[in-house]
Amino acid sequence: MLFWIIAAILTLGASLAVLLPLTGGLRGAPSAGDHDLEVYRDQLSELDRDMARGLIQPGEAEEARAEIGRRILRLGAAGKADAAAAAPSRGARLIASVAVLAVPLLSWGLYGVLGSPELPSQPLAERLAKNPADSSVDELVARAEAHLAANPQDGKGWDVLAPVYLRLQRYPDAVTAYRNAIRLDGGSAARQAGLGEAIASAAGGIVSADAQEAFDAALKLDPANAKANFYLAVGLAQEGRKAEAVAAWQKMLGGLAPDSPWRNAVQQALAEAAAPAVAANPPANGPAAQQVEDAQQMSPQDRQAMIETMVAGLDDKLKQNPRDEEGWMRLIRSYVVLGKADQARDALGRAVAAFGADSEQAKKFTAFAASLGVTATE
């Protein structure tokens with residue numbers, strides 16, 4: 001009800017502000033002609049005083065008085081003409097008045113049909129005070145921001161808000177929140193890794209020196225931190241050190257749990273990095289080099305399928321010619337890249353069996369597989 005009262009008062013005030021000038025409510029306002037008339041009257045009074053003091057001759061005074069009188073007459077005629085020109089016609093005033101009244105009536109009618117006048121008001125304070133389970137993400141963020149504005153030294157609050165900013169892609173805000181959390185509550189592997197990710201994301205995915213510093217700090221606290229290891233390998237790849245990046249990803253993949261959320265990301269990164277290597281050493285019965293080069297333009301899914309087909313062809317070739325040392329090593333590495341640890345262990349077992357468990361080749365295969373995180377089966 002209060003809303004309607006305030007709306008009615010505001011609408012009435014706005015309408016009157018437009019209607020009063022149309023009805024002549026401002027006719028009494030002073031004009032430039034009134035000011036000029038006062039000036040001429042002062043001149044006549046001054047003329048009389050000068051003549052009384054003998055400063056001007058009577059004849060000259062009469063001429064001056066006549067000239068001032070003529071100016072007053074011209075001023076009166078001009079004022080009447082301006083007033084007549086400025087005064088709107090009755091029809092124009094009527095049309096304008098109807099238009100002014102129609103605007104609020106039309107807008108109120110449309111709101112009554114299209115709006116929701118029965119919807120109760122929802123002040124921000126009430127929305128922020130309701131149960132968090134019933135709040136939207138924006139309301140929860142607004143609540144946290146209001147709390148931190150009043151309590152900027154609450155490190156735990158910044159620690160909670162930082163990853164939310166990151167998920168909302170508010171990367172500069174995430175950087176600020178992570179830095180505040182680290183400053184107030186100290187560094188942890190999760191905070192440092194989150195800071196590095198926020199810095200890299202704010203830079204469009206580039207792992208800058210600041211991001212690397214944060215990831216290095218995270219690894220000092222937790223050498224197995226998956227996020228820090230992954231992004232540092234990304235930084236190596238961006239610097240053109242692909243071999244080191246692949247080795248880092250392979251080592252990381254060997255230590256990840258089967259249900260780790262980072263496994264798919266690492267496998268995808270390895271698949272993209274391995275495609276040029278496969279193109280340089282295609283299986284004899286695989287696709288032509290030009291076909292592999294063209295595969296670089298494929299989607300990640302199509303490229304992954306092509307790589308799996310080539311690896312399967314290499315596996316079949318080794319079944320027919322098991323004395324190919326380099327072939328076995330390429331096969332083991334390829335299965336690791338594809339994230340197929342069981343097939344990699346099976347390939348290692350077959351390679352060892354082909355050359356004998358006590359052979360130098362078997363020791364070479366075992367050491368190579370161990371560097372990739374693959375151990376021989378019992």
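Visitor: Is Ala269 buried or exposed?
Guide: Ala269 is buried, at a relative accessible area of 11%. Buried means under 20% relative accessible area, exposed over 50% and partly exposed in between, with a 1.4 Å probe and protein chains only. This is a predicted model, where local features need pLDDT of at least 70, side-chain atom pairs count only at pLDDT 80 or more, and totals for chains, interfaces and linings use all residues. Residues are numbered from 1 along each chain as its sequence is written, and side-chain values use heavy atoms, leaving out hydrogens and water.

Visitor: Where does Ala269 sit, and what does it touch?
Guide: Ala269 is in helix 13, residues 263–280. Helices are DSSP runs of H or I with at least four residues, strands are runs of E with at least two, and both are numbered from the N terminus. Not counting residues up to four places away in sequence, Ala269 touches Phe230 and Trp249; contact means heavy atoms within 4.5 Å.

Visitor: Switching to helix 8. How do helix 8 and helix 9 cross?
Guide: The axes of helix 8 (residues 171–185) and helix 9 (residues 189–202) come within 8 Å and cross at roughly 155 degrees. That makes helix 8 roughly antiparallel to helix 9. Angles under 35 degrees count as roughly parallel, over 145 as roughly antiparallel, 65 to 115 as roughly perpendicular and the rest as oblique. Axes are lines fitted to C-alpha atoms, for helices over the stretch in contact, with angles from 0 to 180 degrees between N-to-C directions.

Visitor: Which residues of helix 8 meet helix 9?
Guide: From helix 8, the residues are Tyr171, Ala174, Val175, Tyr178, Arg179, Ala181, Ile182 and Asp185. They meet residues of helix 9 including Ala190, Leu195, Ala198 and Ile199.

Visitor: Which residues of helix 8 are buried, and what covers them?
Guide: The buried residues of helix 8 are Ala174, Val175, Ala177, Tyr178, Asn180, Ala181 and Ile182. Their cover includes helix 7 (155–167) and helix 9.

Visitor: What span should helix 8 have?
Guide: At 1.5 Å a residue, the 15 residues of helix 8 should span 21 Å, and the end C-alpha atoms are 21 Å apart, which agrees. The expected span is 1.5 Å times one less than the number of residues.

Visitor: What about phi at Gly186 and Gln169?
Guide: Gln169 has a positive phi of about 65 degrees although it is not a glycine. Most residues other than glycine have a negative phi. Gln169 is in the loop between helix 7 and helix 8 and is exposed, with a relative accessible area of 56%.

Visitor: Where is Gly373?
Guide: Gly373 is in the segment after helix 18 (360–371) and counts as partly exposed at 40% relative accessibility. The C-alpha atoms of Gly373 and Met252, 121 residues apart along the chain, are separated by 8.4 Å.

Visitor: How many helices and strands are in the protein chain?
Guide: The protein chain has 18 helices and 0 strands. Of its 378 residues, 31% are buried.
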